[in-house]
Amino acid sequence: MSNGEIILYTTEDGKQAIQLRAVDGTVWLTQKEMSDLFAKDVRTINEHLRNIYAEGECDPEATIRKFRIVQLEGDREVSREVDVYDLSAILAVGFRVRSSRGTQFRRWANSVLSEYLVKGFAMDDARLKDPDADYFEELLARIRDIRSSEKQFYKKILEIYATSIDYDPSAEASTRFFQTVQNKMHWAAHGHTAAEIVVSRADADRDHKGLTSWSNQPKGGPPRKADAVIAKNYLSDEELHALNRIVSAYLEFAEFQAMNRRQMTMQAWVAKLDDFLRLGDRDVLTHAGKCTASAAKQKGGEEFERWRKRAIEEPSAVELHFMEAVDKVKQLAKSTRKKS
């Protein structure tokens with residue numbers, strides 16, 4: 001069974017960081033992990049669990065599962081199937097251990113954890129309200145970045161598009177309108193259309209093919225072909241910051257306009273966008289740009305394949321270090337022979 005997503009809980013004294021596995025709307029811990037969480041011996045945790053199930057406080061079939069977990073035994077990493085216990089069992093143990101750790105965890109579970117399990121995220125209100133912290137600005141920046149991601153932006157633009165009296169549900173018309181809006185946003189942020197960015201910056205000879213960000217980057221993975229045709233992935237920090245702010249502000253503006261329930265045509269929406277950009281002293285795109293979307297797709301794809309092929313053919317860092325070591329050994333051997 002998959003061990004699910006990891007949620008990190010740190011005890012208030014900062015002495016323990018516990019990784020809870022989130023699966024099927026709850027979290028799971030082993031007896032050893034509960035021992036670390038509540039600062040009690042494993043035998044104590046085991047005894048509490050036996051009593052909990054003997055007294056019918058929890059149903060073992062509903063609250064116990066087996067997960068395959070890699071753990072350190074001596075100096076070896078061993079993969080074993082172990083019993084894990086869900087949140088209701090963990091809380092029951094926490095109540096019985098009667099310690100400050102148990103109280104702290106129950107308080108956290110009833111607020112932060114429950115919100116996370118329902119929504120998929122949790123807000124730290126105290127930190128957001130702290131006037132001396134940058135957390136709120138950081139959170140807003142991340143939200144703006146998410147809103148300007150191509151999938152999210154496309155979805156929101158189509159929602160606006162659908163309110164037009166001349167709405168055309170065909171995929172071609174939707175794509176054309178999205179490209180118009182997207183290009184105007186890019187132009188206002190850095191003076192290029194989306195296609196121009198891809199064509200001018202996709203370069204197999206540069207690190208990561210010229211990409212400054214890609215979908216797999218947070219996990220340490222390499223760029224994918226799909227990343228190579230998204231203009232936003234080639235922007236500098238300054239350009240990205242400008243684009244994110246423009247997109248976020250425009251979506252708020254457009255949603256507010258839609259609330260007025262006035263009849264709007266597609267052309268009227270484009271005109272509203274131009275008005276919005278002029279209001280912010282941004283340049284307004286009035287032409288189709290120098291490059292087509294198909295040219296950008298072709299260039300991005302070709303450069304990605306060149307970059308991928310080069311990455312396969314070039315030796316890795318480990319191989320380079322090995323070759324350097326071999327050269328040093330050869331040099332040492334030559335030096336030894338000369339001396340003898």
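Is D274 buried or exposed? With a relative accessibility of 12%, D274 counts as buried, because the cut-off for that label is under 20%. Keep in mind throughout that this is a predicted model.

## The chain at a glance

The protein chain has 14 helices and five strands. It runs to 340 residues, and buried residues make up 37% of them.

## R96 and its two glutamates

Salt bridges come to 17 in total. Among them is the one between R96 and E55, where the closest N and O atoms are 2.6 Å apart. R96 belongs to helix α4 (residues 87-97), while E55 is in the loop between α2 (42-54) and α3 (60-63), so the bridge ties together parts that are 41 residues apart in sequence.

R96 also forms a salt bridge with E57, the closest N and O atoms being 2.7 Å apart. That pair links distant parts of the chain too, with E57 in the loop between α2 and α3, R96 in helix α4, and 39 residues separating them. Through shared partners, salt bridges join E55, E57 and R96 into one network.

How open are these three residues? R96 is partly exposed, with a relative accessible area of 21%. E57 is also partly exposed, at 43%, whereas E55 is exposed, at 56%.

## Where α11 meets α12

On to helix packing. Two packed helices are described by the angle between their axes and the distance between the axes. Helix α11 (residues 237-259) and α12 have axes that come within 11 Å and cross at roughly 130 degrees, which makes α11 oblique to α12. The crossing of α11 past α12 is right-handed.

Which residues do the touching? On the α11 side they are I246, A249, Y250, F253, A254, Q257 and A258, and on the α12 side W269, K272, L273, F276 and L277. Sorted by class, this contact has ten nonpolar, one polar and one charged residues.

## L243, elsewhere on α11

Another α11 residue to look at is L243. L243 is buried, with a relative accessible area of 3%. Which residues does L243 contact, leaving aside its neighbours within four places in sequence? The list is M185, H186, A189, K232 and L235.

## The α1 and α2 pair

By class, the α1 contact with α2 has five nonpolar, three polar and one charged residues.

## Two positive phi angles

The loop between α1 and α2 holds A39. A39 is not a glycine, yet its phi is positive, at about 55 degrees. Its relative accessibility is 52%, so A39 counts as exposed.

K209 is another residue other than glycine with a positive phi, near 65 degrees. K209 is found in the loop between α10 (194-201) and α11. Is K209 buried or exposed? K209 is buried, with a relative accessible area of 1%.

Notes:
Residues are numbered from 1 along each chain as its sequence is written. This is a predicted model: local features need pLDDT of at least 70, side-chain atom pairs count only at pLDDT 80 or more; totals for chains, interfaces and linings use all residues. Side-chain values use heavy atoms; hydrogens and water are left out. A salt bridge is a side-chain nitrogen of Lys or Arg within 4 Å of a carboxyl oxygen of Asp or Glu. Helices (H or I, at least four residues) and strands (E, at least two) are DSSP runs, numbered from the N terminus. Buried means under 20% relative accessible area, exposed over 50%, partly exposed in between (1.4 Å probe, protein chains only). Axes are lines fitted to C-alpha atoms, for helices over the stretch in contact, and angles run from 0 to 180 degrees between N-to-C directions. Angles under 35 degrees count as roughly parallel, over 145 as roughly antiparallel, 65 to 115 as roughly perpendicular and the rest as oblique. A crossing is left-handed if the near helix is turned anticlockwise from the far one by less than a right angle, and right-handed if clockwise. Contact means heavy atoms within 4.5 Å. Ala, Val, Leu, Ile, Met, Phe, Trp, Tyr, Cys and Pro count as nonpolar, Asp, Glu, Lys and Arg as charged, and the others, Gly among them, as polar.
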